[in-house]
Amino acid sequence: MKAHTLKQHVGSLSLAAGMAMTSFVAAEQLDVEKSELKFGFIKLTDCAPIVIAKEKGFFEDEGLQVDVVAQPNWKTLLDNVISGDLDGAHMLSGQPLAATIGFGTKAHIITAFTMDLNGNGITVSNNIWEQMQANDEKLDSDTPPHPITADSLKPIVEEKLEDGEKLQMGMVFPTSTHNYELRYWLAAAGINPGMYTKSDVGGRTDAQVELSVTPPPMMPATLESGNIQGYCVGEPWNQQAVSKGIGVPVTTNYDIWKNNPEKVFGVSKSWADENPQTYLAVTKALIRAGKWLDAADESGKLVNREEAARILSRSDYVGADYDVIKNSMTGYFYFQKTDKREMPEFNVFFKDHATYPWYSDGIWFLTQMRRWGQISEPKSKDWYYETAKSVYKPEVYLAAAKLLLEDGHVEKAEIPWDADGFKAPTKDFIDGVEYNGKEPIKYLNSHTIGNKDPEA
Amino acid sequence: MNDILQINNASVSFGPPSNRTDVLKDLQLSVKENEFVAVIGFSGAGKSTLMNLLSGLQQPSSGEVLYKGESIKEPGPDLGMMFQNYSLLPWLSVLDNVKLAIGAVEPKISKSELDEKAHHYVKMVKLDHAFDKKPHELSGGMRQRASLARTLSLDPEVLLLDEPLSALDALTRSELQDQILNIWEKDKRTVVMITNDVDEAVLMADRIVPLTMGPGATLAEEFEVNMARPRDRHTLNDHPEFMRLKSEITKFMMGLNKESKELAADIIPMPKVEPKSFAPPVLSPTFKQNPVSRKGNNNVA
Amino acid sequence: MKLLKQLKYSLLKVIDLSGLTFLAPIVRLCYGEEPKVQLQKIGQWILVPIAGVCAFLFLWHITSGSIQTKSGTLPNPVETWQGYNAIDTQAEREGLKKTSYELVGEERDQMLADAEDRLAEVKVQVAETNAAVTAAKEAVDAQTKELIAPLDKEYKELKSQYKAASKARKAVLVTDADSLKAGNVAEYNAYYEKVEESVVKTAQEKEELSILKKKIDKIREIKSPEVAKALLEQTFAAEEAQYLSKQIELLSDRNRAVQVETATGMISTYNEEFLSLTGKAAYDKARSIAKAKERLSKMESSSYAQPATIWYQVKRSIFCVFTGFIIGTAIAVPIGILCGLNSTFMAAMTPFIAIFKPVSPIVWLPIALIIVSGLIPDPDNNPLMLFLWDLPLIGEYKINPAFIASAVTVALCSLWATLANTALGVASIDKDHMNVARVLKLGFFARLFKIVIPSALPLIFAGLRISLGVGWMVLIAAELLSSSEGIGKFVWDQFNNGASDSLAKMMVVVFLVGIIGLILDRIMIVFQRMVTFEGSVSV
């Protein structure tokens with residue numbers, strides 16, 4: 001800690017001593033419209049940027065006093081943001097988009113900050129894992145080769161279907177990244193995860209595997225009770241399954257779609273319109289928190305993650321045991337008790353321009369919503385662009401980043417100043433299909449399972 | 001002198017027209033102002049129903065009940081009813097019970113006046129040591145006195161006393177009899193008292209009207225009590241008029257009882273089967289019904 | 001002497017009124033009244049219950065260890081008490097952080113010095129406990145490895161052996177099939193049996209392997225108490241260290257007074273600079289000064305964003321249950337009176353009462369939440385909300401739609417007992433009392449307030465008591481669902497945490513909720529006794 005400044009305060013407070021602290025009471029503070037804020041989060045480690053910004057005083061540096069309140073589930077969280085009870089919240093990437101286009105609760109939600117990349121895993125029960133091992137000899141090892149596809153799951157699904165049963169899997173929310181990732185993983189192996197239709201809002205039409213919504217903290221218990229045979233969820237709930245010995249994480253979303261955006265910081269459009277300076281100040285603090293979380297020494301070791309894990313393990317934040325949180329936060333992941341792997345990019349909070357709100361990320365989620373029928377009508381390419389632009393606000397992000405650059409809190413190379421909002425096309429998916437955000441319809445049509453639209 | 005209270009041919013009956021039972025039938029009574037009338041009868045004869053008629057709590061099925069020449073449509077403070085079972089409000093103290101009555105009669109009374117008046121009436125019945133007591137803290141006699149104080153505080157033209165003393169032990173009873181007589185003599189007003197005690201009736205009343213056995217009870221010929229007042233209970237037993245009246249009335253009453261018993265013996269006892277009622281409990285006054293209906297025993301006198 | 005006697009009677013009266021009759025023998029004993037009888041009563045009503053509690057604690061202690069869940073064993077009384085301490089410590093620390101933020105002058109300096117000293121100590125502890133955890137883990141790992149090694153070896157050997165055997169069988173059977181003569185049923189049957197036998201054998205081998213595997217897994221799952229203890233100590237130390245560094249920040253750089261002073265200093269510097277500027281620069285400076293002043297005034301009135309502590313949550317829950325209770329009473333008593341007075345109205349209401357009464361809070365809450373948030377779309381700018389936030393005492397609880405929805409749910413679930421009892425109380429009013437009212441010619445309202453309500457009060461209060469009890473139970477569920485800050489949310493958060501001490505903390509809540517419920521019930525008993533009169537209908 002800043003020992004020298006502390007010492008000065010123990011003595012009498014001279015003006016000179018006060019001047020030494022300009023870094024705290026920054027002259028560059030914005031004229032925030034609202035200084036006392038309340039943000040919501042779900043007990044997942046990827047809420048870290050909000051918690052860190054509070055605990056490390058980044059919000060205070062912006063003149064903000066922020067209360068951070070755990071929410072019981074994604075629906076309540078969204079409702080509380082819409083009702084104004086929360087000023088902003090940790091949201092699933094799909095949530096602002098779905099709310100804005102009116103799938104589920106309709107409200108214009110925007111985001112200028114991506115909270116993290118990756119961070120999810122798919123866990124199956126011990127029983128299913130054994131069967132998968134039987135189907136694929138390669139898996140029958142303490143350290144099976146990755147990535148693991150759903151190919152070895154397919155015979156199990158088919159066998160169940162012959163018995164008139166359907167494999168049940170859990171995900172956390174209809175518009176969650178987990179839902180789309182789990183569907184992607186299954187569909188990549190030719191398993192139909194079911195379609196949403198106007199009359200089937202549960203998304204089970206033609207399903208070979210039925211997906212149901214279960215709140216993240218309930219996942220291990222639901223798996224244990226046998227109601228579901230697998231789930232896709234964020235941390236620490238995959239590690240929990242390992243430590244409790246009830247299931248085996250087979251893959252992470254890093255393998256399904258490398259560096260996918262997991263959570264965003266969402267606020268309602270009306271709130272942002274009323275409090276533009278506050279929004280900017282909040283974004284500044286969050287960017288700093290992200291940077292703090294990803295700070296690494298020369299050898300690439302993440303230096304702040306242990307402290308972050310300790311903070312997150314407090315019972316009013318994520319609250320899980322430090323030992324459990326620490327694994328994924330410090331870049332390790334247990335696939336089995338015998339299979340601990342280094343995954344330095346399991347959670348990415350800042351590097352590789354992770355926090356920038358890419359239009360192309362938003363469009364990917366929109367394509368998945370269309371692919372699985374959550375968007376019931378075919379849409380034009382322009383519609384995809386327009387929707388992404390109405391939700392993702394890189395201009396706010398860049399304005400905040402610019403202020404941070406002036407303050408010296410970020411370096412020039414850390415921010416994609418000249419990006420047009422679209423990431424370069426990539427094939428880093430589990431099935432190797434190329435995704436180009438500028439060609440959503442083409443992408444939609446490149447999949448075997450799911451809706452396909454005519455090119456306009 | 002005009003009759004202040006008058007019952008003309010009043011009957012009270014219940015049940016459907018096809019199977020009508022009369023509780024009281026062809027009542028005739030007139031009470032003069034400042035007169036003390038005692039109605040004497042057996043339990044279950046319909047005494048309380050008669051009182052309800054006089055107080056206006058109940059309307060006759062036929063005939064009329066007049067107060068100062070006008071038909072009584074509803075109860076009111078002029079006809080001060082003192083209930084058989086005290087009917088004090090258990091959540092109020094003695095004083096507050098009285099105050100409630102005074103406040104109801106004189107809504108515009110000032111607080112100090114109300115206080116003074118209430119104290120006055122409580123003192124009148126010699127309950128001054130129990131102002132603040134709740135009814136359940138009082139003995140039966142004290143409760144009855146409190147009830148009397150409340151009735152008196154209404155300053156009624158007519159005092160209707162429904163078996164005021166029947167539940168009391170002999171000592172308390174005589175004490176209260178004296179008190180009632182004292183008050184009546186001091187502050188003359190009309191009193192109709194119901195009793196089942198011949199001694200009491202003779203001691204207190206100017207006139208005694210027997211009520212015949214129900215159902216279809218009616219008022220029989222009355223007995224005039226021609227004894228000077230104040231009457232002294234200690235020497236009463238030596239008074240020939242008292243002895244005569246007492247024995248005559250007793251004989252008359254015993255005769256009624258015998259007659260009714262004989263009548264009852266003629267009738268084959270029926271099993272006591274009553275249809276089960278699915279109707280919600282009715283809160284209006286109900287009558288104890290004799291399951292056996294008899295006709296033709298009305299003309300007892 | 002007389003005074004003493006009077007004291008005795010008033011004490012006994014208070015005891016009787018409050019229903020704490022078990023205390024009466026103590027009072028009587030103090031006055032030397034029939035010591036033998038009193039002692040016997042004390043034994044029966046005080047010592048026996050205490051013994052019961054002790055027996056319960058003992059049973060709990062010995063059985064808890066054997067109830068295994070995947071989240072660890074059921075916490076025993078000691079762990080539950082530790083859970084309570086953890087909750088309380090956190091609440092206390094949050095309070096101290098707030099104090100630290102606002103502290104000024106010498107007190108602040110003193111506290112800062114203390115915190116720094118403490119931090120130095122704790123840092124040593126952190127290092128020690130870290131080492132202890134590593135050591136404990138290594139020891140356990142080594143032990144586990146040792147235990148597993150032979151099993152694992154056996155497993156691997158068996159596995160390859162079985163694999164080979166299975167392969168060999170398959171190869172033999174496939175070659176055998178070559179020599180089958182088409183049409184020879186007996187031969188085919190014999191061949192089929194051989195294949196079946198082989199399949200069964202493979203399954204048996206698999207089963208054997210799986211049993212072995214489970215054995216190995218079981219050893220891996222064994223939770224070492226040493227590691228758990230080391231982890232607990234590590235958490236203690238690390239959390240304190242983290243708290244202390246935050247507190248030190250709040251006492252120094254991030255202290256409100258310090259920040260205000262700095263800002264004031266900056267403004268005066270600006271002022272000096274301003275005096276020598278001209279043109280646009282002067283305008284800019286002046287503007288900066290104005291803005292800095294505005295920020296300064298905001299800063300001066302700012303308060304530390306304190307997260308909800310358990311005690312705040314308890315207070316808010318109690319406040320919420322009373323809010324709901326009052327809403328429910330305001331609805332139930334008038335309707336109950338009307339039902340009691342008028343059988344037609346009662347008949348009209350009966351279907352609604354019958355249908356709504358059994359509806360669970362879990363159903364009411366989402367509906368209430370949607371309706372309330374619909375009525376209050378923007379709490380920050382809602383005049384009612386702003387008014388409530390500015391109220392003294394109540395303002396602190398930040399009434400929001402979730403709070404109102406919870407309160408409404410409490411009202412909807414709890415009002416039935418009051419309603420039914422009020423209707424019963426009014427309907428069963430003594431006929432004589434009504435006759436008194438008629439003789440006194442009381443008007444409708446006089447009759448209502450002087451006769452009907454007082455007469456029905458004992459039953460109404462009996463209903464209110466049941467309602468408050470139901471409301472308290474419902475509230476916890478409602479808060480859990482609506483995430484309205486309160487005990488229910490605390491439980492849900494703990495459940496979501498799934499940490500090793502979460503279960504203990506939830507057990508603490510069991511007692512907390514029980515004790516508060518008991519106190520609420522006691523309070524209602526006192527009220528009920530106060531309005532009860534002799535001969536009143538009781539339930």
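Select residues 401-427 of chain C: this is helix H14, with 27 residues (helices are DSSP runs of H or I with at least four residues, numbered from the N terminus). From its first C-alpha to its last, H14(C) reaches 37 Å, close to the 39 Å expected at 1.5 Å a residue; the expected span is 1.5 Å times one less than the number of residues.

This is a predicted model, in which local features need pLDDT of at least 70, side-chain atom pairs count only at pLDDT 80 or more, and totals for chains, interfaces and linings use all residues. Residues are numbered from 1 along each chain as its sequence is written, and chains are lettered from A and ligands numbered from 1 in the order in which they are written.

Next, centre on C:Ser414, where H14(C) bends by about 40° (the angle between axes fitted to the seven residues ending there and the seven starting there).

Colour chain C by domain, using bounds from an automatic or database assignment: domain 1 (2-64), domain 2 (105-233), domain 3 (255-299) and domain 4 (310-531). The C-alpha centres of domains 1 and 4 of chain C lie 33 Å apart.

Now colour by pLDDT, the predictor's confidence in each residue from 0 to 100. Chain C has a mean of 88, with 98% of its residues at 70 or more. For the complex, the predictor gives an ipTM of 0.78 and a pTM of 0.80.

Definitions and conventions. Helices (H or I, at least four residues) and strands (E, at least two) are DSSP runs, numbered from the N terminus.
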